[in-house]
Amino acid sequence: MNRNIIQTKERLKRPFLCFLFIVNGLWLQGQQYRYDYTWLMSDYTRNIMVMTFHKPVDSNNVRIDSVKKELRLNSSAMISNSAGELVAYSNGCFINHRGYDVMENGGGINPGNIRMESCTTDYNYYPTAEQSMVFIPDPMDVMRYYLIHNSAVIQYNPLKAWVDALRYSIIDMRYNNGKGKVVEKNKILLGDSTLSGEVAVVKHANNKSYWVVTKKALENSYYSFVLNDTGITGPYIQKGVGDTSTIVDFPNATCLFSPNDGKKFIRYSAYQDGFNIFDFDRSTGQLSNYRRIPVTDSLVLDGGACFSPSGRFLYVGTYWDLYQYDLESTDIKGSEVHIAHYDGYRSKGIFRAMIGRMQWGPDCKIYVNCRSSMDALHVIHRPNEKGIACDFRPHDLKLPQLHGGTLPYFPNYRLGL
């Protein structure tokens, strides 16, 4: 969306602002590309919570149900069809269909000793980076979906774990009466033992293909791939981008593209006490104009980040605190607004409901969890508004069970439509 349009409309109230996004194609309610309309989350009782955004999407049409299934979703990915109906999901151990069971040929993804130890035990989940997998619809076939996923290995002497490969698997929904089949599995895109773990996706400038971007750990280099009508091409590597004066890094970071235009890219890790921001060229896949913005009171515990739907604001959670940054400001650090501090609430009177991972939904809101057990999600109701007008409400969306994993990561599938 044209940034000038957003600025001239800032004075409008929220209903008109959401309407602005609808007519410019960001949400496309009632039409298509509802790939992110079903979210799955897990708890420690092995129930899956199904969070569904109904049509039309508004504050009264978010529903959360429980499905009895002994499957934990720590690292996870899921995809709905263009009508918003769940198609498939994965926790890194399996690819499951809409009936909450293993899809044909869906077992045995991410081979290696970590899978052997974690996926066949009572835990039944794959312990890799929280943003390590994502589904992408095939640009040329509405019945096929790619799962991009990182696999990991462990070394015992000395004890060490790392990502060993970026992979892809393909599911085809023509099989098994619409429940699908995995037709390709564990194909290696990049066999590199120094990948950082997180994966970010954004549409190409042609608005049909997709860029897949991942970072090299302990080095300021980024790999990118293009998923287009011929399959996946790459890797394309860009070296020496960012702060080359230090190798301090942490592999379980948040990497995001601005949802309104895909022209900004951020990487945030609570272990780094700040976030990195770049410009991104959706035609060439090149990062440029590196800036590092320190974040106040960052802690080495948890954290997350999320763009506002307009792309103007970035929200950063540091476990104890929530901040907003104006990315259109000439002084991004100077634009920092402290939105909230942990208010002391404990889920079930026991677990601290801190501020961690975030994901924006198709209802113009941002949902926030944390690594602790939570009986409710925090919600930013008006994320396109500056400062405390964003209307952050802690532990606002009540859950049927304790949420003990992470929020799913979705790119903006509707970008450019």
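In the hairpin of β21 and β22, which residue takes a positive phi, and how many residues lie between the strands?

Tutor: The residue is Tyr319, with a positive phi near 80°, and 3 residues lie between the two strands of that hairpin. Keep in mind that this is a predicted model.

Start with strand β21 itself, which covers residues 313-317. Of its 5 residues, 5 are buried, so the strand is largely enclosed by the rest of the structure. Buried here stands for under 20% relative accessible area. The burial applies to both faces of β21. On one side are Phe313, Tyr315 and Gly317, and on the other are Leu314 and Val316.

Strand β20, residues 304-307, runs antiparallel to β21 and is joined to it by 4 bridges. Within this pair, Val316 of β21 has Ala305 opposite it. Val316 is also one of the buried residues listed above. The two strands make a hairpin with 5 residues between them, and in the turn Gly311 has a positive phi of about 85°.

Then the other partner. Strand β22, residues 321-326, is also antiparallel to β21, and 5 bridges join the two. Leu314 has Tyr325 of β22 as its bridge partner. Leu314 is on the face of β21 that also holds Val316. The hairpin of β21 and β22 is the one you asked about, with Tyr319 at a positive phi near 80°.

Put together, β21 is joined by bridges to β20 and to β22, and it forms a hairpin with β20 and another with β22.

For comparison, look at a sheet elsewhere in the chain. Four strands form an open sheet in the order β26-β27-β28-β29, with antiparallel pairing. Its edge strands, β26 (358-360) and β29 (392-403), each pair on one side only. From one strand to the next, the twist averages 30°. Inside this sheet, β27 (residues 366-368) and β28 (residues 374-380) run antiparallel and are joined by 3 bridges. Val368 has His378 in β28 as its bridge partner.

Finally, burial also occurs in a loop. Asp141 sits in the loop between β8 (133-137) and β9 (144-156). Its relative accessibility is 17%, so Asp141 counts as buried. The Asp141 side chain makes a polar contact of 2.8 Å with the side chain of Arg174.

How values were computed. Residues are numbered from 1 along each chain as its sequence is written. This is a predicted model: local features need pLDDT of at least 70, side-chain atom pairs count only at pLDDT 80 or more; totals for chains, interfaces and linings use all residues. Side-chain values use heavy atoms; hydrogens and water are left out. Buried means under 20% relative accessible area, exposed over 50%, partly exposed in between (1.4 Å probe, protein chains only). Two strands pair if DSSP finds at least two bridges between them. Axes are lines fitted to C-alpha atoms, for helices over the stretch in contact, and angles run from 0 to 180 degrees between N-to-C directions. A polar contact is a pair of N or O atoms within 3.5 Å; within protein, one must be able to donate a hydrogen and the other to accept it, and residues adjacent in sequence count only if both atoms are side-chain atoms.
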